[in-house]
Amino acid sequence: MDTYVQGILILAGINLMAVLGLSLLTGFTGLFSFGHAGFMAIGGYTAATMTVKFHWPFIPALLMGGLMAALLSVFIGRLTLNLKGDYFCIATLGFGEATRLILDNVQYFGGARGWPGIPNYTTLTNVIFINIIGIIILANLIRSRHGRNMIAVREEELASQIVGINVFKYKMMSLMISASYAGIAGGLMAHYMTFLQPKMFSLIKSTELTIIVIFGGLGSISGSVLGAVVLTALPEVLRSFASWRLVVYGLAVIIIMISRPEGLMGGYEFTPSSMRKLFSRLKKKNITAEGGK
Amino acid sequence: MVQFLQQLINGLSIGSVYALMAVGYSLVYSIMNFSNFAHGGVIMFGAYFGFFFLTLFHFSFPVAFVSAALCTALLAVLIERTAYKPLRERKAPFLYFIICAMGASIFLENLVIAIPAIGPTFRTYPEIFSKEPFHLGLLTIGRLDVLMFIISAVCLALLVYFIDYTKVGKAIQATSYNIKASALMGINTDHIIIIIFALGGLFAGIAGVLFGMKYTVYPQIGMITNKSFIAAVFGGLGSLPGAVIGSILLGIIETFTSGYISSQYRDLIAFVLLIGILVVRPSGLMGKTTEDKA
Amino acid sequence: MEILELKGATKCFGGLTAVGDVNFTVPKGTITGLIGPNGAGKTTIFNLITGVYKVTRGNILFDGKDIANKEPYLIADVGITRTFQNIRLFKKLSVYENILTACHNNAKYNVLDAVLRLPQYKREEKQLKEQAENLMEIMGLKDRRDLVANNLPYGLQRRLEIARALALNPRLLLLDEPAAGMNPDETDQLMHLIFEIRKKFNLSVLIIDHHMDLVMGICEKIMVLNFGCKLAEGTPSEIQNNTKVIEAYLGVEG
Amino acid sequence: MSKKITAILLTCIMIITIGMTGCAKPADTAPTASDTIKVGWMGSLTGDQAVWGQCEFNTVKMLFEEINAKGGVLGKQLEAIGYDTKGDPQEAVNVAKRLTSQDKVVAIIGPNASGSAISIASTLEQAKVADIATVATNPKVTVLDGKVKPYNFRVCFIDPYQGAVAAGYAADVLKFKNAAILYDVADDYSQGLAEYFEKTFIEKGGAIVVKEGFKGGDVDFRPQLSKIKAANPDVIFMPYFFKEVALSANQARELGITAALMGGDGWPSDQLITMAKDAVNGSYIVNHLDFDDPEVQDLKTRYKAKYNQDLELNGFLGNDAVLMLVDAIQRAGEVDSEKIAKALETTDIKGVTGTIKIGKDTHNPEGKEAAIIKLVDGKYVFQQKYSPK
């Protein structure tokens with residue numbers, strides 16, 4: 001595999017890590033965030049500080065990045081989680097932009113000029129490894145009472161309260177886990193790019209992540225995986241279109257939203273049992289089709 | 001004192017630019033309950049329409065002004081028909097609208113860049129009004145600022161009249177209060193939505209032309225409209241007076257932050273205020289509050 | 001012995017008093033009815049009891065303890081749960097998932113147990129599943145196990161909502177118009193079901209409904225509400241013969 | 001049900017296509033590699049800096065055509081493969097990887113943004129392909145922590161130098177005592193120049209009376225300018241790009257500020273003149289070259305003839321990057337990316353922006369003098385070559 005394809009896969013993996021977190025928040029808990037690039041930035045700068053200034057090993061540094069993002073999310077969540085629908089959305093948007101603007105002015109991290117010389121620790125192997133762990137954790141969480149409670153919050157907030165679910169607590173838990181995933185993704189990004197610049201974590205990045213989650217299908221982990229790979233690769237496939245590339249991308253987003261709003265997977269999952277079901281149904285269809293002849 | 005007054009004038013003038021843009025956000029929000037991020041792209045098109053009408057077709061200024069506004073109204077309706085209507089019919093959650101709107105704004109901005117005849121260069125309006133400002137003692141007020149202030153005021157007054165005193169306007173009010181009930185009461189909500197987008201587009205065109213005249217025309221105008229969106233949130237999304245007051249307030253807060261605190265952190269303070277106001281009063285200064293009924 | 005007692009409960013929305021100074025009790029183990037014309041404030045009382053609305057004045061005692069103004073999920077924890085007038089199921093989840101979700105408080109494992117699939121998770125998750133299956137059995141929903149809640153027939157949706165409420169092992173169950181939109185046959189079945197679950201789960205029930213046969217048929221005690229105030233209270237036969245109640249319902253002039 | 005299957009199929013197809021583009025290309029192009037020399041280009045074709053990126057790429061393509069018409073380099077034809085970076089470092093890494101591992105280019109020209117140029121360093125090192133940055137002026141593009149990056153080069157001077165030139169010229173030649181700075185806080189270039197201008201100006205005994213910031217995308221600078229006016233400086237240093245320069249200069253004059261304006265290589269553009277001719281009259285610019293130099297006229301006319309547009313600053317630097325590369329290929333004697341990188345280290349040629357003699361420890365053009373330009377009645381009038389003492 002040449003470095004280009006490898007590079008895209010690494011990027012897809014980094015995006016996936018952030019998207020997994022966002023998927024828990026958006027797909028499973030029903031909260032929409034436009035500030036996840038902010039959490040990525042926090043994670044990225046923290047992890048880079050740990051490896052560059054304190055000479056920590058890579059994995060603990062990443063975890064530290066995730067932790068810092070989670071801590072910050074507690075603060076943000078306290079303030080904003082009680083907001084309804086798109087007001088929460090707008091508040092996260094404000095948070096994301098504010099994070100970037102602060103980083104633009106922190107000369108310790110190089111300010112807007114960026115921070116070069118971060119060691120290149122991110123490899124395809126460790127990205128895949130971390131993603132697999134991320135997926136397992138998420139899948140296990142979803143299929144526990146805690147995950148079910150989050151889904152209940154998404155489906156019907158009032159009814160969740162009535163069956164004894166502490167809605168605020170589960171929203172917060174979801175936001176925290178989601179932010180720590182984004183933080184780890186930011187750390188991976190820092191050690192892949194070997195360079196950090198606040199510009200990298202703009203509103204566009206947050207939007208991109210949300211688009212991936214919706215494209216893959218809300219409430220489907222396998223959808224997020226597919227979405228991250230396809231949508232990271234799409235702009236690369238379109239690369240030869242030069243300046244028309246983003247025109248096509250914008251158009252594609254609209255078309256996806258209006259033609260397949262449930263996303264690629266539409267809430268279904270690729271699991272061994274679902275695959276078995278799919279195949280058996282396909283077989284049945286074939287048999288009836290043949291019988292019809 | 002001079003400094004203070006000058007900053008106040010600066011703030012008012014910036015605020016009135018935001019106000020014209022914010023009205024479009026609020027109009028759409030009042031009916032559709034989502035933040036139409038494609039509005040920035042439409043404003044940008046308005047600026048280009050005005051520019052080309054003036055330079056390429058040599059229209060006189062009033063004609064160019066009006067035709068640009070009509071073109072953007074058409075564009076806004078077109079976007080609604082192609083991008084939002086299918087979602088509306090499917091009763092998609094508001095996020096789909098927002099994502100679709102963002103897709104549309106990426107599309108519009110890059111379309112302008114990709115079309116060779118327009119391209120990424122920025123354009124300058126021919127000088128229609130003298131750039132020489134009025135002087136009041138030590139204070140200066142730009143001619144264009146005064147003009148913009150007047151045009152904004154007149155347009156907003158017309159809009160308020162339209163909404164408060166015409167039949168269509170009343171239907172709009174009813175629809176913004178409760179879209180389902182209005183549909184049951186025999187209001188054609190589909191038409192109302194078209195009218196709302198046309199109005200939003202009209203204001204986008206006006207804002208675009210005035211913006212282009214005052215500053216310049218370039219594909220990334222949409223970026224500045226984010227500020228007007230914040231202004232609309234300040235005032236309370238969906239409320240027209242809120243949008244205007246929020247805009248003026250934001251303009252003044254911004255200038256005083258630059259003038260007396262730190263211009264480096266000006267935008268940061270705007271965002272912190274945004275979060276603050278959402279926490280304290282989510283529906284903004286003048287927004288309508290709704291209580292969830294079980 | 002009362003399980004629930006409202007003492008001067010009042011709720012105002014702005015200047016409007018939706019519920020004014022209501023006193024009444026639900027005796028332990030009984031089925032109590034709450035009736036009254038539309039807009040009388042019946043659902044508001046449910047919302048006050050379950051903490052959806054904050055009480056403006058007054059106390060709500062559950063088992064002798066004040067529960068007014070607690071968060072809804074805490075009220076659920078002390079053992080009160082309800083159904084809704086306009087059904088509020090987890091629409092996109094299956095019947096089984098709806099019930100399973102509501103069972104959550106009967107397990108104690110934490111997030112770490114879940115993520116690492118520790119023994120406690122496995123043990124308790126098994127119990128939850130058994131409980132959910134068991135409830136489906138009792139409520140006669142077993143054959144619709146994997147159907148998405150939104151696709152259930154109306155009557156079964158109501159039934160599922162009750163099943164979901166029972167998953168909490170409540171001591172007091174509030175039913176908001178459980179028979180709305182049902183035909184006499186279904187109403188009859190529902191009556192039996194309510195009787196049955198009361199016995200099986202050792203419940204007290206407070207019920208709002210417009211079907212007089214249902215209310216009169218199963219309630220041991222009825223309270224009538226009009227314009228947010230208590231109009232009458234008593235046994236079904238007392239209520240049936242109460243002139244004030246008849247006036248309120250029939251609008252007799254005079 | 002069928003919808004779901006189509007969706008899954010669609011995804012599979014997409015993944016396969018991606019895989020194909022990944023694997024098939026090198027095999028296709030390998031046999032033709034012997035008679036063409038592939039050179040990569042990267043820069044902004046979309047986004048804020050698209051004007052310059054498009055001009056730069058056009059220049060490179062034009063020069064390659066001309067060279068090819070004259071028989072090419074080492075008897076081989078030059079081929080330019082260019083991709084858009086949107087000015088985004090992440091995109092730049094993708095582009096660098098694509099150029100080096102799939103298109104198998106021997107060297108890369110661009111990008112114009114420092115952030116992009118910095119972030120591709122490790123990719124270049126892995127692939128052993130050299131990059132010649134055009135207007136990436138951040139010192140960290142080529143040198144980091146005192147160590148030179150083996151595959152990063154540039155044709156332009158660097159931020160500290162440019163900032164120092166501006167400050168030195170303002171203090172020593174123009175004898176200004178009090179300076180104000182207005183800069184873009186969210187832009188790396190602007191932050192860099194502001195920082196070094198401030199440092200040098202204070203060293204020279206001047207005072208920075210006020211330093212104000214704005215954020216890229218802003219169009220109204222009157223709040224900051226009002227404050228600057230109150231501080232009454234002799235000169236306002238405006239290290240950002242021409243669009244904002246035009247707007248802020250107009251607004252400064254509108255507010256009655258009479259101080260001289262000064263800027264860096266983000267200024268030169270015809271757009272600036274069209275929009276703010278009177279406002280910027282008498283301003284000073286630190287530039288890479290003198291636009292009226294007889295030696296650059298030929299390039300300007302050729303470009304104008306081909307694209308019917310005026311050549312922007314990036315075009316001149318793109319031209320020099322091409323000259324530098326062609327020279328290196330010729331001296332390397334063969335089309336080998338590592339040998340070309342080695343040859344680039346000993347570059348000593350004359351380009352349109354002056355003598356380009358690459359320093360071995362910095363990979364920057366050493367001793368390249370800046371051209372001071374004064375704007376007089378809408379014309380760029382060359383003042384002198386200047387380098388600070």
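What distance separates the centres of domain 1 of chain C and domain 2 of chain C, taken over C-alpha atoms? The two centres lie 27 Å apart in this predicted model, for which local features need pLDDT of at least 70, side-chain atom pairs count only at pLDDT 80 or more, and totals for chains, interfaces and linings use all residues. Residues are numbered from 1 along each chain as its sequence is written, chains are lettered from A in the order in which they are written, and side-chain values use heavy atoms, with hydrogens and water left out.

In chain C, domain 1 comprises 1-79 + 170-254 and domain 2 comprises 87-169, with bounds from an automatic or database domain assignment. Their contact (heavy atoms within 4.5 Å) takes 19 residues from domain 1 of chain C and 13 residues from domain 2 of chain C. The buried area (accessible area, 1.4 Å probe, that two parts lose on being put together, summed over both) is about 1,300 Å² between these domains, with 71% given by carbon and sulfur atoms. Pro170(C), Leu193(C) and Phe201(C) supply 37% of the area that domain 1 of chain C buries against domain 2 of chain C.

Between chain D and chain A, the contact takes 48 residues from chain D and 47 residues from chain A. About 4,300 Å² is buried between these chains, 62% of it from carbon and sulfur atoms. Four salt bridges are found across this interface; Arg113(A) and Asp159(D) meet in a salt bridge at 2.6 Å, N to O.

Terms used
Salt bridge = Lys/Arg side-chain N within 4 Å of Asp/Glu carboxyl O.
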